[in-house]
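Subject: Structure handover

Hello,

Here is the structure I promised to pass on to you. Please have it open while you read, and my notes follow just below.

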Amino acid sequence: MSSLSRELVFLILQFLDEEKFKETVHKLEQEFVFFFNMKYFEDQVQAGEWDEVERYLYGFTKVEDNRYSMKIFFEIRKQKYLEALDRNDRAKAVEILCKDLKVFSTFNEDLFKEITQLLTLDNFRQNEQLSKYGDIKSARSIMLVELKKLIEANPLFREKLAFPAFKASRLRTLINQSLNWQHQLCKNPRPNPDIKTLFIDHTCNSNNGGRGPPPTNSSLAGPVPKAGVFPPIGAHGPFQPVVSPSAGAIAGWMATANPSMPHGPVAAGPPGLVQPPVAAAFLKHPRTPPGGPGLEYQMADSEHLMKRMRVGPSDELSFSGSTHLPILYSPDDLPKIVVRTLNQGSNVVSMDFHPQQQTILLVGTNVGDVSIWEVGSRERIVHKPFKVWDLSACSMAFQTTLVKDAVIAVNRCIWGPDGAILGVAFSKHIVQIYTYNPSGELRQHLEIDAHVGRVNDIAFAHPNKQLCIVTCGDDKTIKVWDAVAGRRQYTFEGHEAPVYSVCPHFKETIQFIFSTSIDGKIKAWLYDCLGPRVDYDAPGLWCTTMAYSADGTRLFSCGTSKEGDAHLVEWNESEGAIKREYSGFGKRAMGVVQFDTTRNRVLAAGDEFQIKFWDMNDVNILTVTDADERLHARPRLRFNKEGSLLAVTTSDNGIRVLANNDGQRMLARTVQNQAYEGSRFSDTVKPAIPGSLGPIPNASSSMLSATERERMQTPLSITNLANANAESSKLVDIKPRITDDAENTKSWKLPEIVDSAHLKALRLPDPVASSKILRLIYTNSGLSLLALASSAIHKLWKWQRNERNPSGKSTASIVPQLWQPANGAPMSNDVNESKPAEESAACIALSKNDSYVMSASGGKISLFNMMTFKVMTTFMPPPPAATYLAFHPQDNNIVAIGMEDSTIQIYNVRVDEVKTKLKGHQKQITGLAFSQTLNSLVSSGADAQLCIWNINGWEKKKSRSIQSPPGHTSSLVGETKVQFHNDQRHILVVHESQIAIYDHQLECLKLWSPRESLSAPISSAIYSCDGLLLFTGFSDGAVGVFDADNLRLRCRIAPSAYISSSISSSNSTAYPMVIAAHPSDANQFALGMSDGSVHVIEPADADPKWGGSAPQENGTLTSNPSNSALNSQPSETPSR
């Protein structure tokens, strides 16, 4: 439907509403599908007209369209179901369950089962999640709030929730204007025509063939007729006197019209039609759907973006300057006068002016050097030849690459947003982050092994108000790192070729990243794990960079094709289409075109040994300069913040700085100010010769001499960065800050918590805490904690919702309730009469929806209903006894059961049948973990052996014994646990002698063994919910918190910090037998103790994170040889 046809339907809707054709209005809305009447929808929901509610919805979406639509229909049908149960209409409830809710079982079988179980309850409010359900009216109101959020978040409803704003009776007005024009064209216009029909054009018949009186005003003279003078249709009153618009009036309207507003200012919309705010353009106004699974923040706007963005010219009319009025910009205002020439000594590949000290220029070169120049004085104040700060902390793949080829280049260098930090991306694996203070001191801060192969770009961003580093590389990924500790926060995968550039940005509260790859693809990402939001082709289909104007409102990209053709374009963000393409580039030149923007008005690009300038609003070249010649064919360039200076690269390894009048005055002031500073320490800097692991200073070389000032001031503190990033959490592939001897830094001290004042610890109430806690798990909701004691009794603690804890989540600040069923009977496992429960292995597994738990303590396996604590069934009596349980990730009816006889039985609960039996271990099974990504099951046993099984045919893919730690000569035995990392590819292996990280080929990547302050055997370990930390318990009662990626110890928690002195004095041997990690709070964990107590531990409020990264390498590194082979492949990515 064309845009005009669409507008006509809106006019008809307005007319029908004004004429009170209510049913017709809503039927047309449903067929029209461009306007969803939220007011009508709300009224029908409140009235409980469920059939009409669904009928109206089906005009806009179906159940299976997307997760939002599915959730909308589910909420409606669930409400119908609950209302039927509430009025004890079981037959109707069963009908709704089978007819309306059954469709959702294919998407979430556990949820459907839980809903079905409500039929078994006398009152569905006995279900904890429905305990707050009130009366029908309030329940519908609460549901409506959630439905409105879901509808607003659903991309299928985007731009359909707002009725266009135009004046009342607009259709009548247009008809009136048309009749006026028709009457004006009559040969014999009558003064008071009688309009009897709209089916044919109006004409005035002459009286008896005579000529009628002339019109009261001459043609094209007089004011524009007022809108709305046509009488109501059907009244057939006298037609208004003809008033014709004058030529001057028409010309004035054309001259003063706002091209972006085709209908001019508008009044409020018609009564009775709801007009929510107009949906914003690309990536604006995030709507947060309610907390159902999978409804992540910013999801809706990203799907809207994906729908709307497309390649090619916009199909809508555009007016020059419709959004940005033309700016009169003189070529004389551009920086074109060469005022400085700087001799870098090696080929410059990247430059960036300081955001505040606008004469400070950061430079990176093709031999890995990083320099900082004071342009005013022509002085190089810092020069850093490339070197690896801590080679032992680097991956083996990177070390192998350096040995094979020591040549390394800077790909990108960039200042942080306030100039207190800078980042450098290198052509092999790593980025280095420095801190910088205004006196010119540059200090090492972070070295991150960021990507396999080249790191092609680096940028800074502020997601969630935290300063972060964004990188991309030849491994086809984009990664986001915490700028304080270097922890990895996000990894974005989806490109099919090396990622060439990144462009982080934000629109109001939405933070996002554009990325480009060398296959010409542009993708956009939000800070979540839901994949790219757009995927379209960049002009040139090869290397592309993107940049926003200084005010962040206009988006540009510059792409180069493999044939050398350049494409500089501006994008229409709201459409994802090219708004304009700038002309003037040479054809098929060598190299990749670099470009920059300044002052919201000028674009510049290096091409044909020149710098070419464009006004942003004009596709034709504004002017060019050759900067006194000797430029590269396609020189690199960079404006300072004010656009008064422009740095460009030369073919003789130098930099030319161009200035306008303002830039010249600024440089003059800089020189004058420096005259008062006095003398400074200087030294001669020689160019470097690349060595095997970095450049070696060449004392004999006389190619270049420059001064380098070494400041003696106090090192710049990054406390401000730490405060800004207090909420940061995520890590992988990081190396600590290692400082030069010349840089006076304080030695790092391991945080050790020995006092209860330095953390929050809560011993959970339990009147009978005598048996050991063998198993401990949080419910998936995070509202409860479930323990299994050696006495075969389960204990469940629930946190209550109240003013202090509105979420009801577990916390160490509030004492929970030890929950007991109404009959007072504990939830106890079956036990083996021939073997005491205290000596039997215990195992437990919880369903994904927390509705039932499977458990065993040496006897039969029991299946309990978590709502009632009742045993639903028991199965598989010993011998052999079950020792470990794990639900299949795709089917909760399939359970992997580790057995005392070393076998693994794959059991189908529904049909009560063992499907297959796996054999590969020598002793009892002590650990099982599924990976849906790898389609694999990993098992571990008391034989200290690992096996990996394919879950399709259940064949064994590989097995091996765990690696012995250094200095341990005998083969290992004993209980071994396994857990998959969140990435579903890396495996945590826990043994009393070690914690270790293995890959999916069962190759050991990292290993840590007890030592020094943590020398006792390991009793338990588990990943934090975000996979960034590793909580480890020791048999002396201590707890260690480790970085999960490299097993560096962050802090040690002494038992005195969480066990009160009165208890510890009476029982000095209590230690954590099991650790549980909270499912949503990455810093909370719980300890199940050998004395039967359970403790919940959190960091102190003053320091909401655990410890800090240690600089020394605490683990031994084992490399997978395939990584080195991969890295030795030549890069596809062209040099920047």
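His-445 sits in strand β9, residues 442–449; helices (H or I, at least four residues) and strands (E, at least two) are DSSP runs, numbered from the N terminus. Its relative accessibility is 3%, so His-445 counts as buried. Here buried means under 20% relative accessible area, exposed means over 50%, and partly exposed is in between, with a 1.4 Å probe and protein chains only. The side chain of His-445 reaches two backbone oxygens: that of Ala-483 at 2.9 Å and that of Val-484 at 3.3 Å. Both are polar contacts, that is, pairs of N or O atoms within 3.5 Å; within protein, one must be able to donate a hydrogen and the other to accept it, and residues adjacent in sequence count only if both atoms are side-chain atoms.

Before going further, please note that this is a predicted model: local features need pLDDT of at least 70, side-chain atom pairs count only at pLDDT 80 or more, and totals for chains, interfaces and linings use all residues. Residues are numbered from 1 along each chain as its sequence is written, and side-chain values use heavy atoms, with hydrogens and water left out.

Now the overall picture. The protein has 1136 residues, of which 55% count as buried, and its secondary structure comes to 16 helices and 62 strands. Of the contacts (heavy atoms within 4.5 Å) between residues at least 6 apart in sequence, 57% join residues at least 24 apart.

The largest nonpolar core has 42 residues, and Phe-36, Phe-41, Leu-57, Tyr-81 and Leu-101 have the most contacts inside it. Such a core is a set of buried Ala, Val, Leu, Ile, Met, Phe, Trp, Tyr and Cys residues joined through side-chain atoms within 4.5 Å. Elements giving two or more residues to this core include α3 (38–46), α4 (50–57) and α5 (67–86); α5 gives the most, with 10 residues. Leaving aside residues up to four places away in sequence, Phe-36 touches several partners, among them Phe-41, Tyr-56, Phe-60 and Leu-161. A second, separate core has 24 residues, including Leu-362, Val-370, Leu-402 and Val-424.

What about charged pairs? The whole structure holds 40 salt bridges, each a side-chain nitrogen of Lys or Arg within 4 Å of a carboxyl oxygen of Asp or Glu. One of them joins Asp-17 and Lys-22, with the closest N and O atoms 3.0 Å apart. Asp-17 is buried, at 4% relative accessibility, while Lys-22 is partly exposed at 35%. Another joins Glu-1003 and Arg-960, where the closest N and O atoms are 4.0 Å apart. Glu-1003 lies in the loop between β53 (994–998) and β54 (1004–1008) and Arg-960 in strand β50 (residues 956–961), so this pair ties together parts that are 43 residues apart in sequence. There is also a network: Lys-71, Glu-75, Lys-78 and Glu-146 are joined by salt bridges that share partners.

Finally, the surface. Leu-198, Phe-199 and Ile-200 form a nonpolar patch there, with about 390 Å² of accessible area together. Patches are made of residues with over 30% relative accessible area and no salt bridge, like charges being joined within 9 Å and nonpolar side chains (Val, Leu, Ile, Met, Phe, Trp, Tyr) within 5 Å. Accessible areas come from the Shrake-Rupley method with a 1.4 Å probe; for residues, only the protein chains shown count as cover. Leu-198 is in the loop between α9 (170–184) and α10 (247–256), and is partly exposed at 41% relative accessibility.

Best wishes
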